[in-house]
Amino acid sequence: MTDLVQQLVEGLSAGAIYAGLALALVLIYRFTGIVNFAQGELAMFSAFLAWQLSQTLPFWAALILTLAISFAAGMVIERVVIRPVEGAPEITLVIVTVGLFFTVNAVAGWIWSYQVKSFPNPFPDGAFRGGGVSVGFGSLGVLAVVGVVMGLLYLLFRYTGIGLAMRAVACNPQSARLVGIRVGTVLALGWGLAALVGSVSGVLSAPLLFLEPNMMGGVLIYAFAAATLGGFDSPGGAVAGGLIVGVAETLTGAYVDAIGTELKIGVPLVIILGVLLLRPQGLFGHAAVERV
């Protein structure tokens, strides 16, 4: 029983990281209808930026500056890369985001090389122990950060004018434009917000995965599974889906001998396939309804 609880704790910690990136994917999808395949690479680039800034600044100052730069970069990407193909066929948007994936990866490799680097852990070493279960302070920190991010997003969307405008655009851009909301600006803000949330996931992942340009490839697959399971139109569902995927991956790797640690990457793929076949809108999403 103790071992099971330990695995659940580790699964929740991993799931919190997946939830952060899944939340970024959902934010962009809600505002623009685009599945951003480059979200993991943008998070990776932010982690590199935080590492570079931390060479000369205190870590938390470097992190705050990284979040600000990531937010601005997300807005610029929407304006320069996404806006010109707005309204294009879905395959065009997929190609653009995949192209952005490879571009960001190559630029990161060109600037910082593909050599693995260590990233400072923002949380203290050690663990809380009780009842035979050990919970690392890092795991608790990851869960706390994701919880704070989710809480701040809720407050933003629920109680601010900007959040209300973003909800209106996500619901119906045409109607929002008719009542005077600057839809283009709101879409850019949505991309900036998603880039900021994704950068948090990148910074949380880097101490665990080590810092290198390909580090977020696996995390992105788990994040897609989390967003699919929770529902691509549900931010809360993305967080819940991330935690579920993290626990499922950890328990499967620990207790299913045929899978082990080597084949755990197949778990999110099975989840994606199962959800698409049984409930395409996800656990917390809403099925699209069209009037004829």
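Buried means under 20% relative accessible area, exposed over 50%, and partly exposed in between, with a 1.4 Å probe and protein chains only. The model is predicted, so local features need pLDDT of at least 70 and side-chain atom pairs count only at pLDDT 80 or more, while totals for chains, interfaces and linings use all residues. Residues are numbered from 1 along each chain as its sequence is written, and side-chain values use heavy atoms, with hydrogens and water left out.

Select Phe45 first. Phe45 is partly exposed, at 24% relative accessible area. The partners are 67 residues apart, Phe45 in helix 2 (residues 39–54) and Trp112 in helix 4 (residues 90–112) (helices are DSSP runs of H or I, at least four residues, numbered from the N terminus). Now show Phe48: ring pairs join Phe45, Phe48 and Trp112 into a cluster.

Next, select Trp51 and Lys117. The charged end of Lys117 sits over the Trp51 ring, 5.7 Å from its centre (NZ of Lys or CZ of Arg within 6 Å of the ring centre and within 35 degrees of the ring normal). Then go to Tyr159, where the charged end of Arg158 sits over the ring, 5.2 Å from its centre.

Note on methods. Helices (H or I, at least four residues) and strands (E, at least two) are DSSP runs, numbered from the N terminus. Rings of Phe, Tyr and Trp (its six-membered ring) pair if their centres lie within 6.5 Å; planes under 30 degrees apart count as stacked, over 60 as edge-to-face and the rest as tilted.
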